[in-house]
Structure formats: C-alpha cells, structure tokens
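Dear colleague,

I am handing over the structure below, and after it you will find what came out of going through it. Please read the notes with the coordinates open beside them.

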Amino acid sequence: MTEAAHGPEGYASSYVAHHVPGEQARLHALEAAFDPATFRVLSRLGLPEDARCLDLGAGAGSVAAWLAAHHPLGQITATDTDTRFLRFPPRTPIRVLRHDAVREDFPPEAFDLVHARALLCHLPQREKLLRRAVDWVRPGGWLVVEDLSVRLADTSPHLVFKKVTRAGEELLATTVGSDLRWADKLAGRFTELDLDDVESSTAPGTVGDRSATDAFWTATFDQAVPALLDKGLLTRQDMAAMRALHRSPDFTDTGISLISVQGRKKAGGAPVSTP
Ligand SMILES: C[S@@+](CC[C@H](N)C(=O)[O-])C[C@H]1O[C@@H](n2cnc3c(N)ncnc32)[C@H](O)[C@@H]1O
C-alpha cells in the first residue's frame, strides 16, 4: 500500500478523507456540481474512440465512467490513493489503480489524455506533479487540469459568507496543504510549460440557489464544521449566522468554483519534469 501525500496532516488523515462518514456522498455532490462543466471540456477535445486516458485522483469515478462510455475502444485508467469508491459495472473497460500521484510514476508519453480534477490544489507537490503529468501525455495529446478556486467569493457582499469561505480555505491549507487559489494561475503555468491550444473556463459555484453546486457547498460546509470549531477558525455564532443566511430565500452568492484548463502537448516536445 502506498502512503498518501502529506500536507501538514495529509489528505488521507483530513476531514475530507475517504473514511470520514459522509465523504462518499460529498464526492457524489462534487460530481453532480461539476461533471457538466468537465464533460463539456472533455467532449470538445475530439479524442478518438480508442484514446488511452488517465484520470488521477479519480475519487468516486464519474469522470472515468464518462471516459469509458465515450471511448469504448480505449483504455481508461482511474487512480487514487484510496480506491474504495471506484466501483464500476462488470466489463466496464476501466483499470482501477491504487497509485500515489506524488510518489509513483507512469511511463513517458503513455496517454492521449491526462486529467485531474480537484486533486492538484490539495497536494503541496502540485508544481512538480504538473510537470510530471505533462511527461505522461503523448505528443499531440491533452492535459486537462481542473481545480477549485475561492477567488470569486472575495467580492462577496455577505460578510459571514466571506468569513466562512476564508475559514474553509485556511482549514484546508493548514490541515491538507491545499491552495484554493493556485487554479487562478493555472492557464499561465500551462503556457509556461510550452503547451499549445491552452484554454481556460470557469464554472461558478453558486450557493443559496438550491443548485447542485449549492448541495456540494452545503455538504462540504457540514463536514468541515467540527474541524472549523476545533481549530478556532469559526465560532458557534458564525455557524448559526451562516446557516440563517443560507436559509434566507434572498441569499445567493458564489463560493467554490471550478477552473478547467486544457493544453495540448507539442509534437516532439522535450520532457519537462527534469529539474
Ligand atoms: C476532492 S477529491 C476529487 C475526486 C475526483 N477527481 C472528482 O473530481 O470527482 C480528491 C481525490 O484525490 C485523491 N488523492 C489525494 N491525494 C492523492 C494522491 N497523492 N494521489 C492520487 N490521488 C490522491 C483523494 O483520495 C480523493 O479521491
């Protein structure tokens, strides 16, 4: 068994680890919130039916399942340090691999598509992993990285919502080692890594509108509450104020959004992961 990547505590011992009650449902809420944006990006890449695709940190597996359905002659590899939620119907052409993206490798140029959603933002080694992920893409193939960003909440007029968002950001930074602003710079990093056809899109994570992104925000907030209180990042009064605001029929705002960045590896490009 591989060891999970370590932040201050590391993903696998945090309040979003797979063993935490409610985490599988929270991951399904994440999928319901952002799969439409992800599938839009992936379907525009024009990958062939026999594409070899890698989904890193595949979570509960909706992206791998979509890739398998859309590339029936291909080979889909779904990895995670904890694969307990990666269950697919018999004969689905998906290889599930327990694999630590930080510590374990793949052969160079092995995939037509390397995809990772809501993974690199949580890994302190994200820059190094980004360069290695480029190496795993074949020349002419695609790298698609999608990550969570809280930037759109910076201009919120709702002070308690802003406070809760910042507290959640700090909790993830100090317990997991996450950076919920790295995604804002991602398109620039793709260009610096000499990828072609770089495009970026943002799916706003609306809150308070009873949407799928609202359900994801609510599941994440509920799961974070004990740790937020324990670390003194929020008070019980803050929690009560946030819940009252959330119940208010007039409340809508934007919290955790998804930034999707795609780039194509140049034919004949040199490896980029070497120091
Ligand atoms: C926030 S979830 C996102 C799941 C999925 N990508 C999605 O968007 O639906 C992050 C996933 O990355 C996995 N993970 C964390 N550290 C990892 C590592 N070093 N290598 C591979 N997977 C990792 C977690 O176990 C978890 O399933």
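In this predicted model, the side chains of serine 260 and glutamate 146 make a polar contact at 2.6 Å. Serine 260 belongs to strand β9, and with a relative accessibility of 3% this serine counts as buried, because the cut-off for that class is under 20%. A second contact of this kind joins the side chain of serine 156 to the side chain of aspartate 253, again with a distance of 2.6 Å. Serine 156 sits in the loop that runs between β5 (residues 137-149) and α4 (residues 159-175), and serine 156 is likewise classed as buried, at 5% relative accessibility.

Next, the ligand. Its surroundings consist of 19 residues, and the closest of them are Gly57, Asp80, Asp100, Ala101 and Arg117. By residue type, the shell holds 10 nonpolar, five polar and four charged residues. Helix α1, which spans residues 23-43, gives the largest share of this shell, namely three residues. A polar backbone atom of glycine 57 is 2.7 Å from a nitrogen atom of the ligand, a polar side-chain atom of aspartate 100 lies 2.9 Å from a ligand nitrogen, and for alanine 101 a polar backbone atom is found 2.9 Å from a nitrogen atom of the ligand. On its own the ligand has 590 Å² of accessible area, and the protein covers 98% of that area.

Two or more lining residues come from each of α1, β6 (residues 196-203) and β9 (residues 257-264). The lining divides into eight nonpolar, six polar and three charged residues. As background to such a volume, rolling a probe the size of a water molecule over the atoms shows where empty space is left.

Glutamate 109 is placed in the loop between β3 (residues 94-98) and β4 (residues 111-117), whereas alanine 118 is in the loop between β4 and α3 (residues 126-136). As to accessibility, glutamate 109 is partly exposed at 37%, while alanine 118 is buried, with a relative accessible area of 13%.

Leucine 45, in the loop between α1 and β1 (residues 52-56), is 217 residues from glutamine 262 in sequence, yet their C-alpha atoms are 8.8 Å apart. The relative accessible area of leucine 45 is 6%, so this leucine counts as buried, given that the class takes in values under 20%. Proline 204, in the loop between β6 and β7 (residues 206-207), and serine 149 are 55 residues apart in sequence and 9.3 Å apart in space, again from C-alpha to C-alpha. Proline 204 has a relative accessible area of 46% and is therefore partly exposed, since exposed would need a value over 50%. For histidine 71 and leucine 228, by contrast, 157 residues of sequence go with a C-alpha to C-alpha distance of 42 Å. Histidine 71 is in the loop between α2 (residues 62-70) and β2 (residues 75-80), and its relative accessibility of 6% places histidine 71 among the buried residues.

With best regards

How values were computed: Residues numbered from 1 in each chain as written. Predicted model: local features only at pLDDT ≥ 70, side-chain atom pairs only at ≥ 80, totals over all residues. Heavy atoms only, no water. Near = heavy atom within 4 Å. Polar contact = N/O pair within 3.5 Å; in protein donor to acceptor, adjacent residues only side chain to side chain. Areas by Shrake-Rupley, 256 points an atom, 1.4 Å probe, with all protein chains shown as cover. Helix = DSSP H or I, 4+ residues; strand = E, 2+ residues; numbered from the N terminus. Nonpolar A, V, L, I, M, F, W, Y, C, P; charged D, E, K, R; others polar. Buried < 20%, exposed > 50% of the residue type's maximum accessible area, 1.4 Å probe, protein only.
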